[in-house]
Amino acid sequence: MISGYVTWGRIKEALGILSYMHNSGVRLNETTFSALLGACSRARLIDTARLIHCVVLKSGYEDFEYVGSALLSCYLSCEEIEDASSLFEALRERNVLLWSGMLVGFVKYNLLNDAMSVFWRMPSRDVISWTAVIAGYSQCEEKCNKAVELFHLMRVTGEAQPNEFTLDTVIRACGRLATLSQGKMVHGLVIKVGFGTDCSIVEGLVDFYSKCNAVEEADGIYKTLANPCINASNSLIDGFISAGRINDAEAVFANLAKPNRISYNLMIKGYGQSGRMPDSVGLFEKMPNRTIVSSNTMISMYCQNDNIDEALKLFEETKWERNIVTWNSMISGYVRVSRMEDAVKLYVKMHQIRVGSNRSTFSTLFHACSSLGSLQQGKLLHVHVLKTPFASNMYVGTSLVDMYSKCGSVYDAQTAFCNIVYPNVAAWTALLNSYAHHGLAAEATLLFDRMLEHGVRPNAVTFVGLLLACSRAGLVNEGLRYFDLMKKKYGLVPSLEHYACVVDLLGRSGNLLEAEQFISEMPIKADSVVWAVLLSACWFFMDLKVGERVAERLMSLDPKQISVYILVSNIYAGLEKWEEVVKVRQKLRNMEVKKDPGCSWIEVNYTVHVFCVEDLTHPRSDDIYKILDELMSNLYCNLQSEYNTPQCNKPESLLY
């Protein structure tokens, strides 16, 4: 009777019979408790489960395997992790079923450190246990590499042989990491153990190769499927779009018997990214059963193609169904077209109507603040982040470090970095670049050593920061050592940016001939930036001989590059070759070009005000110039008074 009521979801009647049965002196058994606890687990009736737990304790059935497992499952289903953990610790020695249950529970709630603690203490580890922890790490983007490491450890220890679920999980983890070589090894194992035709694994392989930009391999596997499922088709479409092969993606889409919303959204994105906005708009308009996800995709495509007005129009149309992605898409669009203040204002509106934020919201907004140079606004947003679960998030933290660095606050950048729980190479590099740009070479090199001690592998951007730091501090030998280390130990191919840093390193130390020879021996052709770095060094050291050769190279690359003529003119002026100065200046006048004016800015009440020479565009420019005139007048009078000059005349207005 109890099982029948439970099956039909009539928990109240089942509990009534349990109470009557208990009061009648009938001894309850393991099946009774297991059935009732299973019902409480499905219905999440935690208070009822606690009452049953009391009866279990009085009846002495807590040690029974299925009753203990049912209790643990019930506490986990009701998200009572502490109670589940207490029960596990009390019974784990007498109930072997609890080990797997507790492990899966910790993985389910992403408590991976606790899960690993249970995993290593397990009396024996089977394929289910290994697969559970591998799956847990594979679903966590920041720790996905741990899933692959655990899989290799599983193979080395030989404690269990991977099944189809293990292999499917690892393949998808390799896809998220975009580690082609490791994924191919897993693919080989899949074929060896006979799972090469498993539908889920084949779908995972298509997804893996697509994410690794190996679309030919993905296409080859896809074509072996007699009836490819929609998920495999979408993975291949996504792979073709990522590789810029929109026509191939279009062909797969056209052959779909019944494309789903994901298929439509992928093609809308693909058309937009390839510049085919009319096709993107057309597909969006004829798409059946459009959802907010489709609208979000369309808003992003409008923004990526700098059509912010159409994006805003669609954003307003989604007023009653917007989600956080809609808001983020619009904020990102404003940032993309350099309307940073509008992005911040939209966030303020979003915050006022209590729309939740996520890591993308804050990462984008911190980028906006760094572009504005608004430290006050950045700090205000930082306070908002501290009230959310993203305060220690790796991506938000990295954006925060970058923002503080670009706004000139190295101390705040350090603090933000220390609050990141699991900093990746991007976070380490952001702080290293902060030190480099502020001339703190010793701090940058020490941070690099700490980064290596933590097992974080540096990337190409890391070495740009290191070379820049060495260049600013004149550490020539150290900089050249890092350049060799980058190539020989880490196998990174230097880009033009790295070569420019080395030229700057040599040039700033006065090794102009060595820098010139270094450029001539580069395996790739130097661009105007590399030569311009050397020309700046020639101006600093007034080396006319090398400077003229470098200027000639630059003019052959771009005859209308104004900075070249100005630097050459400055070299001639520094050496008092006035006739040559006149000739260079005359060439500039004949070119009828004008140098972009410099500007300065100041932040007042969270607003950044930008000023250029003779700028009258500011709404309060009349008041500003009036104050400046008064300041200049007072300064002039003070000077007259200091030198005992009897007459004090107000100077001519700054406007003229």
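Here is a tour from a pocket to a helix, then to some ring pairs and one histidine.

Keep in mind that this is a predicted model. Start with the largest pocket, which has a volume of about 880 Å³. Its lining is made up of 28 residues, and those lying nearest the centre are E142, K143, C144, N145 and N424. If you sort the lining by class, you get 12 nonpolar, 9 polar and 7 charged residues. Which helices supply at least two residues each to that lining? They are helix 10 (144-157), helix 11 (164-177), helix 25 (394-406) and helix 27 (425-437). Helix 10 gives the most, with 6 residues.

Now move along to helix 32, which spans residues 512-520. Here L512, A515, E516, F518 and I519 are buried. These residues sit on the same side of helix 32 because they cover an arc of only 160 degrees around the axis. The background is simple: an α-helix has 3.6 residues a turn, so residues three or four places apart point the same way. Turn to the other side of helix 32 and you find L513 and S520, both exposed. And what covers the buried residues? Among what covers them are helix 30 (476-488), helix 31 (496-508), helix 33 (528-540) and helix 34 (544-557).

Next come the aromatics. The structure holds 15 aromatic pairs. Take F417 and W428: their ring centres are 4.9 Å apart and their planes are at 70 degrees, so this pair is edge-to-face, the cut-off for that being over 60. F417 belongs to helix 26 (residues 410-418) and W428 to helix 27, so the pair ties together parts that are 11 residues apart in sequence. Elsewhere, ring pairs link F448, F463, Y482 and Y490 into a cluster.

Last stop: H351, which lies in helix 22 (residues 340-352). With a relative accessibility of 43%, H351 counts as partly exposed, because that class lies between the 20% and 50% cut-offs. If you want a sense of distance, pick D83 as well: H351 and D83 are 268 residues apart in sequence, and 36 Å apart in space, C-alpha to C-alpha.

Terms used. Residues are numbered from 1 along each chain as its sequence is written. This is a predicted model: local features need pLDDT of at least 70, side-chain atom pairs count only at pLDDT 80 or more; totals for chains, interfaces and linings use all residues. Side-chain values use heavy atoms; hydrogens and water are left out. On a 1 Å grid over the protein atoms alone, a cavity is a set of points where a 1.4 Å probe fits but cannot get out, and a pocket is an open set with protein on both sides within 12 Å along at least five of seven lines; lining residues have an atom within 4 Å of a point. Grid points are joined across faces, edges and corners, and a volume is the space filled by probe spheres set on the points. Helices (H or I, at least four residues) and strands (E, at least two) are DSSP runs, numbered from the N terminus. Ala, Val, Leu, Ile, Met, Phe, Trp, Tyr, Cys and Pro count as nonpolar, Asp, Glu, Lys and Arg as charged, and the others, Gly among them, as polar. Buried means under 20% relative accessible area, exposed over 50%, partly exposed in between (1.4 Å probe, protein chains only). The arc is that of the directions from the helix axis to the C-beta atoms. Contact means heavy atoms within 4.5 Å. Rings of Phe, Tyr and Trp (its six-membered ring) pair if their centres lie within 6.5 Å; planes under 30 degrees apart count as stacked, over 60 as edge-to-face and the rest as tilted.
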